[in-house]
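Take a walk through the model below, ring by ring and then strand by strand. Keep the 3D view open as you read.

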Amino acid sequence: MRIHTKPRIVVLGGGFGGLETAFFLRMRLHEQADITLISDRDYFLFKPNTIYIPFGMNPEKLKIGLERPMKKRDIVFLHEHVREIDPVTKQVFTEQHTVSYDFLVVATGAGMREQEVPGMAQYAERVWSPTDMLKLQVAFYQLAEQAHEGHHRQVLFLVPPNNKCSGPLYELGLMLDTWLRRKGVRRAVDIVWSTYESGYIQAFGPRLNEVIAQEFADRGIDGYPNHAVERIERGVAHYTNGRDLAYDLLVTFPPYAASTAFAGLPADDRGFITTEPTTRQVMGYPEIYAVGDTSDFPVKQAFLAFLQADATAEHLASHILGTQPAFEFEPVSMCVMEQFDKATFAQVPLHLTGRPEKPLEVLAGSAQYKVGSGALWR
């Protein structure tokens with residue numbers, strides 16, 4: 001019988017949150033823990049740059065194999081699908097193995113629930129996976145060809161309720177404007193924007209809303225905030241306020257939900273795991289952490305996943321080493337929004353309110369709150 005003298009740490013997920021956690025833990029703990037990473041993909045996808053796929057990028061350029069970097073850092077890698085977690089026996093069950101742990105980090109990410117909006121799956125092009133982006137690439141090139149042939153077209157970008165990170169959709173809308181202008185066909189295409197929120201990218205505060213509103217005005221994009229979609233039919237989207245918006249091409253970022261629901265862990269109605277805000281520990285299970293999109297933090301974003309991963313790894317490593325954590329999770333979002341001709345930088349300090357109707361507030365008076373646009377940010 002093998003006796004484990006080192007703590008066994010298992011990390012679920014090979015995205016930003018999972019990899020950052022595993023690498024940070026190895027850096028902090030060196031050889032003082034056994035670390036295993038389990039992912040249903042054998043590669044890491046640099047997802048933020050999938051916005052370039054609709055304009056011609058090959059998605060294979062965004063994939064990095066996991067086996068070599070895991071081996072280099074002495075992290076056991078299992079390319080398997082996790083189907084169950086038993087927090088009582090401290091075991092993870094994959095389709096091939098049962099893996100025991102002393103500490104567990106869940107970073108399995110988010111998925112989409114387009115079925116929540118009738119007609120969305122049937123009529124909309126969605127923003128999510130590389131496969132979705134390749135379909136959108138075909139739609140954009142067909143749009144440009146139709147416009148070149150003299151056909152007038154209307155593109156509707158739509159943010160539905162329960163979308164947790166609409167930034168990439170804004171990027172695509174602004175990039176499409178620049179792309180069509182460069183092709184000389186922008187006048188033949190109307191670009192229309194609708195969102196259920198009261199402001200553009202509402203979670204990131206008034207300054208980014210002002211920047212986007214000005215961009216829409218300068219680019220001739222019609223924007224409709226406070227428009228929650230009710231259902232979609234061929235050629236028209238219906239909203240709860242009674243308005244209908246027509247389209248020839250509909251592009252949407254569907255509602256979010258957890259990619260994998262784990263019955264043994266506390267979660268909200270969308271499957272996002274309930275956590276302690278600063279340490280990312282799962283409520284009721286201090287040896288389990290939830291990081292990134294799989295957790296209940298209201299905004300899903302790669303940079304925030306990094307911060308959660310670092311806080312998790314610091315807290316966990318300090319517990320093993322018997323020291324005090326040097327820092328905890330402080331939600332400060334940072335992003336650069338691509339527009340092809342320029343970009344917008346935003347650094348946004350956030351505060352959890354505890355109110356379900358508005359779970360986040362921007363610390364607008366903070367010196368960390370910075371927004372700027374220009375060609376330099378590209």
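Predicted model: local features only at pLDDT ≥ 70, side-chain atom pairs only at ≥ 80, totals over all residues.

A pair of aromatic rings is described by the distance of the centres and the angle of the planes.

Start with Tyr52 and Phe340. Their rings form a tilted pair, with 6.3 Å centre to centre and 50 degrees between the planes. An angle under 30 degrees would count as stacked and one over 60 as edge-to-face, so 50 degrees makes this pair tilted. Where do the two residues lie? Tyr52 is in the loop between strand E3 (43–45) and strand E4 (63–65). Phe340 is in the loop between strand E22 (332–338) and strand E23 (343–352). The pair therefore ties together parts that are 288 residues apart in sequence.

Are these two residues buried or exposed? Tyr52 is partly exposed, at 21% relative accessible area. Phe340 has 12% relative accessibility and counts as buried, because the cut-off for buried is under 20%. Both residues also belong to one aromatic cluster, made up of Tyr52, Phe55, Phe140, Tyr141, Trp179 and Phe340.

Now turn to Phe345 and Trp377. This aromatic pair is stacked: the centres are 4.4 Å apart, with 10 degrees between the planes. It links distant parts of the chain, 32 residues apart. Phe345 sits in strand E23, and Trp377 in the segment after strand E25 (370–374). Phe345 is buried, with a relative accessible area of 12%. Trp377 is partly exposed, at 39%.

Rings also meet charges here. Lys63 lies over the face of Tyr43, at 4.8 Å from the ring centre. The charged end of Arg207 sits over the ring of Tyr369, 4.2 Å from its centre.

Next comes a sheet. Strands of a sheet pair through backbone hydrogen bonds, either parallel or antiparallel. Which sense applies to the sheet of E15, E16 and E17? The pairing is antiparallel. The three strands form an open sheet, in the order E15-E16-E17. Strand E15 (229–233) and strand E17 (244–246) are the edge strands, each pairing on one side only. Neighbouring strands are turned by 20 degrees against each other on average, direction ignored.

Look at strand E16 (residues 236–239) beside E17. How many bridges join them? The two pair in the antiparallel sense over three bridges. For Ala237, the bridge partner in E17 is Leu245.

Methods
Residues numbered from 1 in each chain as written. Heavy atoms only, no water. Pairing = 2+ DSSP bridges. Helix = DSSP H or I, 4+ residues; strand = E, 2+ residues; numbered from the N terminus. Axes fitted to C-alpha atoms, helices over the stretch in contact; angles between N-to-C directions. Phe/Tyr/Trp six-rings, centres within 6.5 Å; stacked < 30°, edge-to-face > 60°. Buried < 20%, exposed > 50% of the residue type's maximum accessible area, 1.4 Å probe, protein only. Lys NZ or Arg CZ within 6 Å of the ring centre and 35° of its normal.
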